[in-house]
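Thanks for asking me to look this over.

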Amino acid sequence: MKRTGAQILWEGLLREGVEVVFGYPGGAILPAYDALLDFPIRHVLVRHEQGACHMADGYARASGRVGVVIATSGPGATNLVTGLANAMMDSVPLVAITGQVGSRLLGSDAFQEVDVTGVTLPVTKHNYLVTRAADLAPVLREAFAVARSGRPGPVLVDLTKDAQQAEAEVDWDAAPPPTRHLRHGPPPFADGDLRKALDLIGAAERPLILAGHGIELSGAGRAVLAFAEGTGTPFATTLLGIGAVPARHPLNLGMMGMHGEAWVNQAIQEADLLLAFGMRFDDRVTGNLATYARNARKLHVDIDAAELGKNVSVDLGLQGDLRAFLEAIQPRLETRDHGPWLQRIHELKGDAAVRDIQSLPDDGHLYAAHVLHDLWTITGGEATVVTDVGQHQMWEAQYYRHDRSRSLITSGGLGTMGFALPAALGAKVATPDSEVWVVAGDGGFQMTSCELMTLVQEGLKVNIAVINNGYLGMVRQWQEFFYERRYSATPLLSPDFVKLAEAYGLKALRASTRNEARDAIRAAREHPGPCLIDFRVEQEDSVFPMVPAGAALDAMIRRPFPPTIAASVLAETGADSSST
């Protein structure tokens with residue numbers, strides 16, 4: 001049966017199990033939008049294409065399915081670039097569909113023509129330019145396969161207007177997709193490699209698991225816990241690894257890295273074996289590579305061979321699915337007792353195990369840590385929290401304890417301000433029965449606040465916590481520590497967030513004290529519709545501990561210090577004050 005390219009597009013999406021797309025129409029994609037009316041796919045009309053890409057991203061992270069975003073040519077397509085780069089860095093499966101000018105106009109600088117495949121090549125796993133309706137069906141099938149396979153990521157399909165309008169015969173069952181770009185899975189683990197891994201594990205006295213995002217992507221949470229419990233091995237998480245293993249588990253030490261727990265970073269430096277499971281040794285995790293875990297042997301398991309030895313030299317690097325690796329070695333593991341090592345870590349915690357939240361004064365000022373701690377307490381730790389990027393992101397990681405997989409959604413690798421609100425909308429569409437909270441700073445929130453209208457339009461119950469300190473907080477913190485409090489371009493003027501939210505049709509509240517904050521959180525949860533809370537928090541508050549960029553992982557700033565000694569701190573740590 002003949003179909004137009006536009007009809008093939010929607011039928012192909014249905015065959016891939018797509019139920020919802022996030023998008024914004026325009027001239028070069030109009031034939032597809034006209035055909036959409038005849039297909040049972042929900043379309044969420046956004047206010048900006050970047051927001052659409054973040055919504056598809058949040059949808060994918062919350063559901064584990066492929067998110068789909070659609071936009072027109074030219075600026076519509078280029079507005080997706082930040083969202084695609086964000087998904088690429090964090091291994092999120094997306095398929096982006098963009099309209100393109102007619103094939104005869106390609107290369108002519110026609111109205112709203114951009115070389116979208118060229119622009120997006122560095123920020124996608126693969127992309128396609130489709131100029132014939134007959135090619136669209138196999139390309140769609142391959143695009144979804146590439147997005148899901150191996151290390152997940154975004155794929156873009158650029159579809160010319162005439163290809164949408166032309167007709168072609170489609171036999172969905174008889175025409176398998178071309179596989180020239182499909183990344184096949186890695187081979188099974190060799191028995192010799194498994195024996196080497198077991199030898200490393202068996203010889204270790206101070207082992208430590210570094211739990212990354214790959215645990216969640218491979219569905220290996222239970223296997224990691226079985227390994228940790230069977231071998232008595234503690235584990236620490238990356239930012240994106242939070243929630244992959246329960247925070248309350250006694251072997252979970254907490255988050256590592258620049259704003260991780262001090263005892264976790266110290267334990268990494270004292271370990272004799274690091275078991276890197278589905279993580280990539282990002283610079284925010286390692287600190288100065290020259291001083292990173294010098295006494296530890298390193299076993300790295302990752303689906304992406306390019307990550308093995310890329311940043312940190314390893315003693316054994318194994319490419320493959322993490323869950324398959326753990327299931328293969330589990331029957332051959334020997335029970336171990338690492339009591340002395342666990343006792344040493346307990347000693348490292350010392351008084352630092354009592355978080356700052358318990359010593360912050362209730363002096364009439366509201367601290368962001370109070371807000372995040374109370375949000376965790378009042379929601380029982382059961383909410384899906386979607387954060388923006390900055391100080392509030394780190395405070396959330398420190399004070400909201402996640403025991404459930406996919407319950408923290410945040411921009412890790414790219415650090416995209418403006419991510420939280422649209423991503424939370426996508427997460428709520430994916431999991432309508434879950435309680436979803438946005439945690440955003442006053443800076444990042446203003447970058448995509450237009451999506452409040454999308455939230456109201458879709459009738460979604462999402463609560464929004466704006467951590468409002470009147471600064472671009474994380475940059476201000478660096479200026480305080482390393483630039484003698486010369487606050488260049490970081491004091492931030494914001495609108496009245498309560499009035500802004502009310503203008504969009506949301507319920508809105510403001511809190512300036514801890515009691516007001518608790519009352520506002522409870523009121524927001526009880527309100528049937530979306531609610532925004534403007535938390536007026538202490539302005540010059542900082543995230544501790546902190547590893548200065550370029551410093552050794554254990555050279556942490558653990559408490560406030562006068563800016564007059566910043567130079568000596570830099571000298572002692574070898575940190576680079578030019579990098580934030």
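The points below cover a strand, a helix pair, another helix and the cysteines.

1. A word on the ground rules. This is a predicted model, in which local features need pLDDT of at least 70, side-chain atom pairs count only at pLDDT 80 or more, and totals for chains, interfaces and linings use all residues. Residues are numbered from 1 along each chain as its sequence is written, and side-chain values use heavy atoms, with hydrogens and water left out.

2. Because 5 of its 5 residues are buried, β4 is largely enclosed by the rest of the structure. Buried here means under 20% relative accessible area, exposed means over 50%, and partly exposed is in between (1.4 Å probe, protein chains only). G67, V69 and A71 lie on one side of β4, with V68 and I70 on the other.

3. What are the neighbours of β4? Strands count as paired if DSSP finds at least two bridges between them. β4 pairs in the parallel sense with strand β2 (residues 20-23) over 2 bridges, and also in the parallel sense with strand β5 (residues 94-100) over 5 bridges. I70 is the bridge partner of G23 and stands opposite I97 in β5.

4. Next, helices α3 (residues 49-63) and α5 (residues 81-89): their axes come within 7 Å and cross at roughly 25°. That makes α3 roughly parallel to α5, a label for angles under 35 degrees. In contact (heavy atoms within 4.5 Å), Q50, C53, H54, D57 and R61 of α3 meet T82, G83, L84, N86 and A87 of α5.

5. In helix α11 (residues 221-231), the buried residues include G221, V224, L225, F227 and A228. Among the elements covering the buried residues of α11 are α9 (191-203), β9 (207-211), β12 (273-277) and α14 (322-329). Just after α11, have a look at G232, which takes a positive phi of about 65°.

6. Finally, how many disulfides does a search of the whole structure find? The search finds 0, a disulfide being a pair of cysteine sulfur atoms within 2.5 Å. For C450, the nearest cysteine sulfur is that of C53, 14 Å away; C450 is partly exposed, with a relative accessible area of 26%. For C531, the nearest is that of C450, 20 Å away, and C531 is buried, at 0%.

How values were computed: Helix = DSSP H or I, 4+ residues; strand = E, 2+ residues; numbered from the N terminus. Axes fitted to C-alpha atoms, helices over the stretch in contact; angles between N-to-C directions. Parallel < 35°, antiparallel > 145°, perpendicular 65-115°, else oblique.
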